[in-house]
Amino acid sequence: MEGVKLDRWGYEVKTSSDSCISSINAYYHQLLSYGRYRRVILEAAVHDKDCVLANILAAHFLCSSDPSKAPSHMEAAKSRLEQATSYEKAVFEALNYLISSNTDDDVAVELHSKLLRDFPRDLVSLKRAQVLCFYMGRPDLSLGLVQQVLPQNQQENYIYGMLAFPLLELGRMADAENAAKKGFEINKQDFWAQHALCHVLQYECCYKEAVQFMEECSSSWSLCSSFMLTHNWWHVALCYLEGHSPIIKVREVYDHHIWKELERIDAVCAEVYLNALGLLLRVYVRGELDVFEDRLKILAACLTDQANWFMEWHLDVLILWALAFTKELSKAEDLLKGLKFRLSTMSKKKQQGMQGAMLLAEAIYEYGQGNEKRALEILGPDFNAYNCKIIGASDEQLDVFYEVWCSMLLNTGEVTKGKIHYLV
């Protein structure tokens, strides 16, 4: 068809520009490989300012990276929607709803499920839907979506890493391992499959093997986004910590592979801070923070900048701890008030789901100040960190909050009142 080209999935896109399609396909690769150059989608819209797919994908990208520029791309996509292909219209419908205000997450997932029923080879839409499920705390929905499209993608790059992660979160470790290994066999640089295999090794307490595997893979991580690079090194650091290696090994990972990422001109600071904080809180709970000297204070000074706040709840909860612990109490109070305000603006349905997240934030704020008895009262004797998935954290990331709770039970003499829940 004249003026129509096929994208990576073989689906029709209304454009006459080879460069536009090339940039769209490059964006697909960047998303699936956790690459550093997701901004390439903006080039697609430059090559063809009338391409609906290029503009709606650019609008979605800009919603998180530069929100003020998103509306122009949204309007450009809307203005040409009648001329778009059926595939482009389906992607537009799903993304237009996703980036609108007061979105119902269940509706957004259903729109993506409908899109994937009609266009099952679109792994970027699958990835987007899985991320949404992650922030809903619903690995069951995420698994259902990938299983829905798996028959059409049996040998496709990246699909098995995407299958492995919800299996991990559901405690199906053997199935997760098989999926991750298959993904790794297809593509040794499938970073999500590498990550899933590390999860499995950690679960099996094979810390030495996990470190060896990840360090062998690490030479390719320079191409990863700030999040994926520092998150993979966070896993390595945890394996050193859990495997009772000298604490200096953990500090070396922090200095040379997590904090060092901030020296790169294209680093996304908040993504680095998330993994740095997650590691330092774990180290603190284990009583080893002194070895890290003034590193937490240096990090906390960065976190007083409100530009790093309100990006995601998991990061905000960790920031609350760091600010409270380093006596930046007025900043911590401002952050906590801001979270409460954001909760109040959510729909009643969303508020109900976020109640546990808000309680965790309040408790960690108190914990950071040393008010362990008050923090324990907030969390209660039946605290289950697994129920806080909605902050956007995996079981491995949530485990530190369970450790915090256990340590507070011990420190306050309330250990006999706690009801133990084991994370898978």
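The model is predicted, so local features need pLDDT of at least 70 and side-chain atom pairs count only at pLDDT 80 or more, while totals for chains, interfaces and linings use all residues. Residues are numbered from 1 along each chain as its sequence is written, and side-chain values use heavy atoms, with hydrogens and water left out.

- Helices (H or I, at least four residues) and strands (E, at least two) are DSSP runs, numbered from the N terminus.
- H6 covers residues 105-118, and its end C-alpha atoms sit 20 Å apart, which agrees with the 20 Å that 14 residues should span at 1.5 Å a residue; the expected span is 1.5 Å times one less than the number of residues.
- H5 has 13 residues and should span 18 Å, and its end C-alpha atoms are 19 Å apart, which agrees.
- Buried residues of H6 include Asp 105, His 112 and Leu 116; buried means under 20% relative accessible area, exposed over 50%, and partly exposed in between (1.4 Å probe, protein chains only).
- The buried residues of H6 pack against H5 (86-98), H7 (123-136), H8 (139-149) and H19 (348-369), with contact meaning heavy atoms within 4.5 Å.
- In H5, the buried set includes Tyr 87, Glu 88 and Val 91, and the partners of its buried residues include strand S2 (12-14), helix H1 (18-32) and H6.

**Nonpolar core**

- The largest nonpolar core has 158 residues, and Ile 24, Leu 53 and Phe 401 have the most contacts inside it; such a core is a set of buried Ala, Val, Leu, Ile, Met, Phe, Trp, Tyr and Cys residues joined through side-chain atoms within 4.5 Å.
- Helix H15 (residues 269-285) gives the most to this core, with 11 residues.
- Leaving out residues up to four places away in sequence, Leu 53 touches Val 13, Ile 24, Tyr 28, Tyr 87, Glu 88 and Val 91.

**Cysteines**

- There are zero disulfides in the structure, a disulfide being a pair of cysteine sulfur atoms within 2.5 Å.
- For Cys 63, the nearest cysteine sulfur is that of Cys 51, 17 Å away, and Cys 63 is partly exposed at 32% relative accessible area.
- For Cys 239, the nearest cysteine sulfur is that of Cys 198, 4.5 Å away, and Cys 239 counts as buried because its relative accessibility is 2%.

**Lys 188**

- Lys 188 sits in the loop between H10 (173-186) and H11 (191-203), and counts as partly exposed at 48% relative accessibility.
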